[in-house]
Amino acid sequence: MNDNLPMNTADDGKNTKILFVNACVHRETSRTDRLARELISRFPNADVEELILEDSGIGPIDGKTLDMRNKSVSDNDFSNPHFNYARQLISADIVVFASPFWESMFNTFMKAYLENVSVPGLVFSYNEHGVPVGNAKGKLYYVTTRGGPVTDENDPGCMVMKTLAFMFGFKDFRILSASALDIIGNDPEQILQESISKIGSIL
(Lines give C-alpha, C1' and ligand atoms only; values in the text may rest on other atoms or scores of the structure.)
Protein backbone atom coordinates (compact mmCIF):
# COMPACT_ATOMS: atom_id res chain seq x y z
CA MET A 1 0.00 0.00 0.00
CA ASN A 2 1.54 3.35 -0.97
CA ASP A 3 -1.53 5.59 -0.54
CA ASN A 4 -0.65 7.46 -3.75
CA LEU A 5 2.22 9.25 -2.05
CA PRO A 6 5.33 9.93 -4.14
CA MET A 7 8.02 7.30 -4.16
CA ASN A 8 11.36 8.32 -2.70
CA THR A 9 14.74 6.84 -3.46
CA ALA A 10 16.71 6.19 -0.28
CA ASP A 11 20.33 7.23 -0.10
CA ASP A 12 22.77 5.52 2.22
CA GLY A 13 21.03 7.04 5.23
CA LYS A 14 23.94 9.30 6.17
CA ASN A 15 22.91 11.88 8.77
CA THR A 16 19.47 10.27 8.91
CA LYS A 17 17.92 9.71 12.33
CA ILE A 18 15.76 6.59 12.53
CA LEU A 19 13.46 5.80 15.44
CA PHE A 20 12.63 2.08 15.59
CA VAL A 21 9.56 1.55 17.79
CA ASN A 22 9.64 -2.19 18.38
CA ALA A 23 6.45 -3.75 19.74
CA CYS A 24 7.58 -7.32 19.02
CA VAL A 25 7.98 -9.94 21.72
CA HIS A 26 10.27 -12.99 21.47
CA ARG A 27 12.30 -10.74 19.20
CA GLU A 28 14.91 -13.40 18.51
CA THR A 29 12.32 -15.39 16.55
CA SER A 30 9.85 -12.65 15.62
CA ARG A 31 9.14 -12.45 11.92
CA THR A 32 7.97 -8.85 12.28
CA ASP A 33 11.23 -7.92 13.99
CA ARG A 34 13.18 -9.58 11.21
CA LEU A 35 11.26 -7.74 8.51
CA ALA A 36 11.70 -4.39 10.26
CA ARG A 37 15.45 -4.91 10.61
CA GLU A 38 15.70 -5.78 6.94
CA LEU A 39 14.07 -2.45 6.17
CA ILE A 40 16.34 -0.51 8.52
CA SER A 41 19.42 -2.22 7.09
CA ARG A 42 18.80 -0.34 3.84
CA PHE A 43 20.00 2.80 5.64
CA PRO A 44 23.46 1.53 6.66
CA ASN A 45 24.82 4.87 7.84
CA ALA A 46 21.75 6.06 9.72
CA ASP A 47 21.67 6.79 13.42
CA VAL A 48 19.19 4.21 14.71
CA GLU A 49 17.52 4.55 18.10
CA GLU A 50 15.49 1.49 19.09
CA LEU A 51 12.66 1.71 21.61
CA ILE A 52 11.65 -1.77 22.81
CA LEU A 53 8.12 -1.28 24.07
CA GLU A 54 8.07 -4.49 26.10
CA ASP A 55 10.90 -3.08 28.24
CA SER A 56 9.86 0.57 28.24
CA GLY A 57 7.27 0.52 31.01
CA ILE A 58 4.86 2.50 28.83
CA GLY A 59 1.30 1.79 29.91
CA PRO A 60 -2.16 3.00 28.94
CA ILE A 61 -3.21 6.54 29.86
CA ASP A 62 -4.95 6.44 33.25
CA GLY A 63 -6.98 9.18 34.91
CA LYS A 64 -4.07 10.73 36.80
CA THR A 65 -1.89 10.85 33.69
CA LEU A 66 -4.73 12.25 31.61
CA ASP A 67 -5.31 15.07 34.11
CA MET A 68 -1.60 15.92 34.09
CA ARG A 69 -1.49 15.88 30.32
CA ASN A 70 -4.59 18.03 29.94
CA LYS A 71 -3.09 20.62 32.27
CA SER A 72 0.19 20.56 30.35
CA VAL A 73 -1.68 21.09 27.09
CA SER A 74 -3.66 23.95 28.62
CA ASP A 75 -0.50 25.58 30.00
CA ASN A 76 1.54 24.78 26.86
CA ASP A 77 4.15 23.26 29.16
CA PHE A 78 5.57 19.95 27.98
CA SER A 79 8.59 19.81 30.29
CA ASN A 80 7.29 16.73 32.12
CA PRO A 81 9.36 13.60 31.24
CA HIS A 82 6.08 11.94 30.24
CA PHE A 83 6.40 13.81 26.93
CA ASN A 84 9.89 12.55 26.11
CA TYR A 85 8.56 9.82 23.83
CA ALA A 86 6.43 12.31 21.89
CA ARG A 87 9.43 14.62 21.40
CA GLN A 88 11.52 11.65 20.31
CA LEU A 89 8.89 10.74 17.71
CA ILE A 90 8.66 14.13 16.03
CA SER A 91 12.42 14.65 15.97
CA ALA A 92 13.16 11.56 13.87
CA ASP A 93 13.68 11.67 10.10
CA ILE A 94 12.33 8.13 9.69
CA VAL A 95 10.11 6.24 12.10
CA VAL A 96 9.62 2.48 11.87
CA PHE A 97 6.69 1.01 13.82
CA ALA A 98 6.86 -2.79 14.09
CA SER A 99 4.08 -4.87 15.58
CA PRO A 100 2.72 -8.34 14.81
CA PHE A 101 -0.91 -8.70 13.80
CA TRP A 102 -2.66 -9.76 17.01
CA GLU A 103 -6.42 -9.98 17.54
CA SER A 104 -7.12 -8.16 14.28
CA MET A 105 -4.79 -5.21 14.92
CA PHE A 106 -1.40 -4.24 16.32
CA ASN A 107 -0.68 -5.39 19.86
CA THR A 108 -1.28 -3.71 23.21
CA PHE A 109 2.29 -2.43 23.53
CA MET A 110 1.85 -0.40 20.35
CA LYS A 111 -1.61 0.81 21.37
CA ALA A 112 -0.29 2.12 24.70
CA TYR A 113 2.63 3.82 22.97
CA LEU A 114 0.34 5.57 20.50
CA GLU A 115 -1.86 6.81 23.34
CA ASN A 116 1.17 8.29 25.06
CA VAL A 117 2.60 10.10 22.03
CA SER A 118 -0.70 11.46 20.68
CA VAL A 119 -0.23 14.78 22.43
CA PRO A 120 -2.17 17.79 21.16
CA GLY A 121 -0.13 20.95 21.17
CA LEU A 122 3.11 19.02 20.86
CA VAL A 123 2.78 16.33 18.19
CA PHE A 124 -0.17 17.93 16.43
CA SER A 125 -2.64 20.79 16.68
CA TYR A 126 -5.85 21.75 14.90
CA ASN A 127 -6.16 24.61 12.45
CA GLU A 128 -9.11 26.99 12.22
CA HIS A 129 -11.00 24.41 10.16
CA GLY A 130 -10.54 21.65 12.72
CA VAL A 131 -8.03 19.80 10.55
CA PRO A 132 -5.03 18.32 12.39
CA VAL A 133 -1.64 19.78 11.55
CA GLY A 134 1.24 17.58 12.70
CA ASN A 135 4.80 18.36 13.70
CA ALA A 136 6.45 15.10 12.60
CA LYS A 137 8.95 15.85 9.87
CA GLY A 138 9.77 12.58 8.18
CA LYS A 139 8.55 9.25 6.91
CA LEU A 140 6.60 6.57 8.76
CA TYR A 141 6.91 2.87 7.98
CA TYR A 142 4.52 0.36 9.51
CA VAL A 143 5.86 -3.20 9.54
CA THR A 144 3.66 -6.16 10.40
CA THR A 145 3.32 -9.89 9.77
CA ARG A 146 0.17 -11.98 9.84
CA GLY A 147 -0.50 -15.67 10.16
CA GLY A 148 -3.67 -15.54 8.11
CA PRO A 149 -4.55 -14.18 4.65
CA VAL A 150 -5.36 -10.63 5.77
CA THR A 151 -4.39 -7.88 3.32
CA ASP A 152 -3.15 -4.39 4.17
CA GLU A 153 -6.49 -3.00 3.00
CA ASN A 154 -8.38 -5.25 5.42
CA ASP A 155 -6.06 -4.77 8.39
CA PRO A 156 -7.58 -2.29 10.90
CA GLY A 157 -4.09 -1.62 12.25
CA CYS A 158 -2.98 -0.31 8.86
CA MET A 159 -6.02 1.94 8.70
CA VAL A 160 -5.29 3.38 12.14
CA MET A 161 -1.63 3.93 11.28
CA LYS A 162 -2.55 5.71 8.06
CA THR A 163 -4.87 8.04 9.99
CA LEU A 164 -2.25 8.77 12.64
CA ALA A 165 0.44 9.33 10.03
CA PHE A 166 -1.68 12.14 8.62
CA MET A 167 -2.56 13.51 12.07
CA PHE A 168 1.04 13.49 13.28
CA GLY A 169 2.24 15.20 10.12
CA PHE A 170 4.39 12.52 8.49
CA LYS A 171 5.16 13.46 4.91
CA ASP A 172 5.18 9.87 3.69
CA PHE A 173 3.57 6.64 4.92
CA ARG A 174 4.47 3.11 3.82
CA ILE A 175 3.50 -0.40 4.85
CA LEU A 176 5.76 -3.44 4.77
CA SER A 177 3.91 -6.64 5.53
CA ALA A 178 3.83 -10.39 5.07
CA SER A 179 0.61 -12.42 5.30
CA ALA A 180 -0.61 -16.02 5.32
CA LEU A 181 2.55 -17.20 7.08
CA ASP A 182 0.81 -19.85 9.18
CA ILE A 183 -1.48 -21.39 6.60
CA ILE A 184 -0.77 -25.09 6.20
CA GLY A 185 1.00 -25.73 2.94
CA ASN A 186 2.49 -22.25 2.65
CA ASP A 187 6.22 -21.67 2.81
CA PRO A 188 6.69 -18.87 5.37
CA GLU A 189 10.32 -18.31 4.43
CA GLN A 190 9.39 -17.81 0.79
CA ILE A 191 6.66 -15.35 1.78
CA LEU A 192 9.07 -13.38 3.94
CA GLN A 193 11.62 -13.30 1.16
CA GLU A 194 8.99 -11.97 -1.22
CA SER A 195 8.23 -9.15 1.21
CA ILE A 196 11.93 -8.42 1.66
CA SER A 197 12.33 -8.20 -2.11
CA LYS A 198 9.75 -5.37 -2.17
CA ILE A 199 11.61 -3.14 0.29
CA GLY A 200 13.43 -1.31 -2.46
CA SER A 201 10.16 -0.15 -3.97
CA ILE A 202 8.94 1.55 -0.78
CA LEU A 203 12.10 3.37 0.30
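This is a predicted model: local features need pLDDT of at least 70, side-chain atom pairs count only at pLDDT 80 or more; totals for chains, interfaces and linings use all residues.
**A chat about cores, rings and a pocket**

Student: How are the rings of Phe124 and Phe168 arranged, stacked or edge-to-face?

Tutor: Their planes sit at 25° and their centres are 6.4 Å apart, so the pair is stacked. Planes under 30 degrees apart count as stacked.

Student: Which parts does that pair tie together?

Tutor: Phe124 is in strand 4 (residues 124–126) and Phe168 is in helix 6, so the pair links parts 44 residues apart in sequence.

Student: Which residues make up the aromatic cluster there?

Tutor: Phe124, Tyr126 and Phe168 form one cluster.

Student: How many aromatic pairs does the structure hold?

Tutor: Four. One of them is Phe97 with Tyr113. Their ring centres are 5.8 Å apart and their planes are at 80°, so this pair is edge-to-face. The cut-off for that label is over 60 degrees.

Student: And where do Phe97 and Tyr113 lie?

Tutor: Phe97 is in strand 3 and Tyr113 is in helix 5. The pair therefore ties together parts 16 residues apart in sequence.

Student: Is Phe97 buried or exposed? Why?

Tutor: Phe97 counts as buried because its relative accessibility is 1%, and the cut-off for buried is under 20%. Tyr113 is buried too, at 0%.

Student: New topic. Which residues touch the most other members in the largest nonpolar core?

Tutor: Leu89, Val95, Phe97, Met110, Tyr113 and Phe168 do, out of 36 residues in that core. Several elements supply at least two core residues each, including strand 1 (17–22), helix 4 (84–91) and strand 7 (172–178).

Student: Which element gives the largest share?

Tutor: Helix 6, with six residues.

Student: What about the second core?

Tutor: That one is separate and has 23 residues. Among them are Leu35, Ile191, Leu192 and Ile202.

Student: Now pockets. What volume does the second largest pocket have?

Tutor: About 190 Å³.

Student: Which residues lie nearest its centre?

Tutor: Ser30, Arg31, Pro100, Trp102 and Thr145, out of 13 lining residues.

Student: What classes are in the lining of that pocket?

Tutor: The lining has six polar, four nonpolar and three charged residues.

Technical notes:
Residues are numbered from 1 along each chain as its sequence is written. Side-chain values use heavy atoms; hydrogens and water are left out. A nonpolar core is a set of buried Ala, Val, Leu, Ile, Met, Phe, Trp, Tyr and Cys residues joined through side-chain atoms within 4.5 Å. Buried means under 20% relative accessible area, exposed over 50%, partly exposed in between (1.4 Å probe, protein chains only). Helices (H or I, at least four residues) and strands (E, at least two) are DSSP runs, numbered from the N terminus. On a 1 Å grid over the protein atoms alone, a cavity is a set of points where a 1.4 Å probe fits but cannot get out, and a pocket is an open set with protein on both sides within 12 Å along at least five of seven lines; lining residues have an atom within 4 Å of a point. Grid points are joined across faces, edges and corners, and a volume is the space filled by probe spheres set on the points. Ala, Val, Leu, Ile, Met, Phe, Trp, Tyr, Cys and Pro count as nonpolar, Asp, Glu, Lys and Arg as charged, and the others, Gly among them, as polar. Rings of Phe, Tyr and Trp (its six-membered ring) pair if their centres lie within 6.5 Å; planes under 30 degrees apart count as stacked, over 60 as edge-to-face and the rest as tilted.
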